[in-house]
Amino acid sequence: MGSMRSLGRRRCLELLGSVAVGRVVFTDRALPAIRPVNHLLDGETIVIRGNLGGGLASAATAHGSLVVAYEADEIDAGTHAGWSVVVTGTARLVLDEERLRRYEEALRPWVDEPMNCVIGIDCDLVNGFELTGTNLSRAG
């Protein structure tokens with residue numbers, strides 16, 4: 001059997017910055033919605049690209065800001081070892097021209113759809129855990 005242990009904020013942010021893909025959880029027309037997105041981490045802000053006609057960007061535009069959750073992980077299904085980080089924070093459109101240019105150059109969308117906005121998610125609450133895995137000779 002493996003074990004699970006909590007990770008500190010700094011380690012969680014290091015791990016989050018080490019991967020390029022996560023899932024953003026938000027409310028879309030009063031229902032929970034989850035979207036896989038590629039991201040970058042700028043200090044304690046998760047940066048994603050979006051479409052102003054899409055659910056998250058539309059909600060952020062309508063409300064000015066929106067509370068969301070963001071989850072990223074790296075878990076090996078064979079060894080049961082890895083980690084998961086969940087961030088809860090405020091998402092808002094990035095409007096500063098200099099930051100917009102920098103993020104648009106650094107973060108290329110992985111899907112062939114127009115991505116005409118940049119969304120920043122503040123890392124307000126950060127929680128994570130590490131799975132130590134199992135001994136494969138006894139795994140079952």
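Leaving aside its neighbours within four places in sequence, which residues is Val21 in contact with? In this predicted model, where local features need pLDDT of at least 70, side-chain atom pairs count only at pLDDT 80 or more, and totals for chains, interfaces and linings use all residues, the answer is Val37, Asn38, His39, Tyr70, Ala72 and Trp110, with contact meaning heavy atoms within 4.5 Å. Residues are numbered from 1 along each chain as its sequence is written, and side-chain values use heavy atoms, with hydrogens and water left out.

Val21 sits in strand E2, strands (E, at least two residues) and helices (H or I, at least four) being DSSP runs numbered from the N terminus. Val21 counts as partly exposed because its relative accessibility is 29%; buried is under 20% relative accessible area, exposed is over 50%, and partly exposed is in between (1.4 Å probe, protein chains only). Val37 is 16 residues away along the chain, yet the two C-alpha atoms are separated by 5.7 Å.

Now for the inside. Nonpolar side chains tend to be buried together in soluble globular proteins.
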